[in-house]
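Please look through the structure below with its helices and side chains in view.

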Amino acid sequence: PKEWLQTLKLSKEANDSANTKLDVSTLLPTPNYNYSIAEDMAITLENKILLEMYNINPITKDLVILFKIWLTQRELRYGFDTIDSHSSSLLIAYILQLKLINQ
């Protein structure tokens, strides 16, 4: 829930120190740790979006599978500068939400 953690505290300039006795303005930022927390928070929302997409129209599973096959055939799924499985599913969900593909 949003009330647990303020996303402003996760900026790349922020420090994750929970020690309130220290002056936080003098501490070095912890961008990698902050990014990891933000990523964990986002994954829950992303999975909810994907589940809703699959429940609305079961054919979208086939669409995602075909898209992943297409990416694999063009060597765009593995290695540097490629799109992973989760991101490809999110891309299909985004395209469906924009109604760029008929459902």
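A charge is said to sit over a ring if NZ of Lys or CZ of Arg is within 6 Å of the ring centre and within 35 degrees of the ring normal. By that definition, the charged end of Lys61 sits over the ring of Tyr54, 5.8 Å from its centre. This is a predicted model, in which local features need pLDDT of at least 70 and side-chain atom pairs count only at pLDDT 80 or more, whereas totals for chains, interfaces and linings use all residues. Residues are numbered from 1 along each chain as its sequence is written, and side-chain values use heavy atoms, with hydrogens and water left out.

Consider next helix H2, residues 59–73, where helices are DSSP runs (H or I, at least four residues) numbered from the N terminus. H2 has 15 residues and reaches 21 Å from its first C-alpha to its last, close to the 21 Å expected at 1.5 Å a residue, the expected span being 1.5 Å times one less than the number of residues. Within H2, Thr60, Val64, Phe67, Lys68 and Leu71 are buried (under 20% relative accessible area, with exposed meaning over 50% and partly exposed in between, for a 1.4 Å probe and protein chains only). These residues cover an arc of only 100° around the axis, which puts them on the same side of H2; the arc is that of the directions from the helix axis to the C-beta atoms. On the other side of H2, Ile59, Leu66 and Gln73 are exposed.

Thr60 counts as buried because its relative accessibility is 4%. Leaving out residues up to four places away in sequence, Thr60 touches Met53, Tyr54 and Leu96, contact meaning heavy atoms within 4.5 Å.

Which residues make up the largest nonpolar core? This core has 9 residues, namely Leu50, Met53, Tyr54, Val64, Phe67, Leu71, Ile92, Ala93 and Leu96, and such a core is a set of buried Ala, Val, Leu, Ile, Met, Phe, Trp, Tyr and Cys residues joined through side-chain atoms within 4.5 Å. The elements that give two or more residues to this core are helix H1 (31–56), H2 and helix H3 (85–97). Ile92, apart from its neighbours within four places in sequence, is in contact with Met53, Leu63, Val64 and Phe67.
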